[in-house]
Amino acid sequence: MKVTEQDHDWPALVRRIHMDQDRESFAKIFAHFAPRVKSFLMKGGSGESLAEDCTQEVMATLWQKAHLFDPSRASVATWIFTIARNKKIDALRKQRRPEPEDLPWGPEAEPNQADVLVLQQETEKLAKAVAELPDKQRLLIEQAYFGDLSHSEIADQTGLPLGTIKSRIRLAMERLRHTMK
């Protein structure tokens, strides 16, 4: 039997890690999410070694910064996969540091504050729109886009028919497109 998102109260486990440094809760989260994070990173083009290193850093971050998780802002899966994406970006930046002669001279131009504000507002609007989706649609969107799982992989994990998954994702995307207009 596969463990699904509904089989555990992930936010409660993160709370126990934060409040009690509960190793059993951490072990459950690690067992469920570590392989998925590694797969997500490898599908995103990371080599196995980089994916393993980043996965370890993600899980260490979860242990050390469980107090930063806010269930009103994102699901545990979304939070973990966001950490993974950021760890991967950091690792790639470290690998691609330019040589001193390649560095531009002088201060970089500040980003246009209006553009920054618009991007921030759109990001907040999208996060709110995703959070307002029905649970059945939201979980599938998170698995497909944040978890980087194919529809077939989601069907294997959830036990739902492939057609149901495709329909729910399509309906969710239509709702998101309508909300973002």
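## Where α7 meets α8

Let's start near the end of the chain, where helices α7 and α8 cross in a right-handed way. The model you are looking at is a predicted one. Helix α7 covers residues 151-158 and helix α8 covers residues 162-180. Their axes come within 9 Å, and the crossing angle is roughly 115°.

Which residues make this contact? On the α7 side they are His151, Ser152, Ile154, Ala155 and Thr158. On the α8 side they are Leu162, Ile165, Lys166 and Ile169. Sorted by class, the contact of α7 with α8 has 5 nonpolar residues, 3 polar ones and 1 charged one.

## The overall plan

Stepping back, how many helices and strands does the protein chain have? The count comes to 8 helices and 0 strands. Read from the N terminus on, the elements therefore run α-α-α-α-α-α-α-α.

The protein chain has 181 residues, and 33% of them count as buried. Contacts also reach along the sequence: among those between residues at least 6 apart, 62% join residues at least 24 apart.

The pLDDT of the protein chain averages 84, and 87% of the residues score at least 70. Among the elements, α1 has the highest mean pLDDT, at 93. The lowest mean belongs to helix α5 (residues 113-131), at 83.

One stretch calls for care. Over residues 1-6 the pLDDT is below 50, although this stretch has 18 contacts in the model beyond near neighbours in sequence. Where pLDDT is low, the predicted coordinates should not be read in detail.

## α2 against α3

Helices α2 and α3 pack at an angle of about 145°, and their axes are 9 Å apart. α2 passes α3 in a right-handed crossing.

Helix α2 brings Arg23, Phe26, Ile29, Phe30, Phe33, Ala34, Val37, Lys38, Leu41 and Met42 to the contact. Helix α3 answers with a set of residues including Glu48, Ala51, Cys54, Val58, Met59, Leu62 and Trp63. By class, the residues in the contact of α2 with α3 divide into 14 nonpolar, 2 polar and 4 charged.

## Two nonpolar cores

The largest nonpolar core has 27 residues. Which of its members touch the most others? They are Ile29, Phe33, Val37, Met59 and Ile80. Four helices, α1 (10-20), α2 (23-43), α3 (48-64) and α4 (76-95), each supply at least two residues of this core. The most comes from α4, with 8 residues.

Leaving out residues up to four places away in sequence, isoleucine 29 touches Trp10, Leu13, Val14, Ile17, Ala34, Leu62 and Ile80. Apart from this core lies another, of 13 residues, among them Val130, Ala144, Leu149 and Leu176.

Leucine 62 sits in helix α3. Is leucine 62 buried or exposed? It is buried, because its relative accessible area is 0%. Beyond residues up to four places away in sequence, leucine 62 touches Ile17, Phe26, Ile29, Trp79 and Ile80. Leucine 62 and tryptophan 79 are 17 residues apart in sequence, and their C-alpha atoms are 9.2 Å apart in space.

Threonine 78 belongs to helix α4. Its relative accessibility is 10%, so threonine 78 counts as buried. With residues up to four places away in sequence set aside, threonine 78 touches Glu142 and Phe146.

## Two loop residues

Serine 46 is found in the loop between α2 and α3. Why does serine 46 count as buried? The reason is its relative accessibility of 8%, and buried means under 20%. Not counting residues up to four places away in sequence, serine 46 touches Leu41, Ala51 and Lys88.

Glutamine 21 lies in the loop between α1 and α2. Its relative accessibility is 54%, so glutamine 21 counts as exposed. The phi of glutamine 21 is near 50°, a positive value in a residue other than glycine.

Notes. Residues numbered from 1 in each chain as written. Predicted model: local features only at pLDDT ≥ 70, side-chain atom pairs only at ≥ 80, totals over all residues. Heavy atoms only, no water. Axes fitted to C-alpha atoms, helices over the stretch in contact; angles between N-to-C directions. Left-handed = near helix turned anticlockwise from the far one by under 90°. Contact = heavy atoms within 4.5 Å. Nonpolar A, V, L, I, M, F, W, Y, C, P; charged D, E, K, R; others polar. Core = buried A, V, L, I, M, F, W, Y, C linked by side-chain atoms within 4.5 Å. Buried < 20%, exposed > 50% of the residue type's maximum accessible area, 1.4 Å probe, protein only. pLDDT = per-residue confidence, 0-100.
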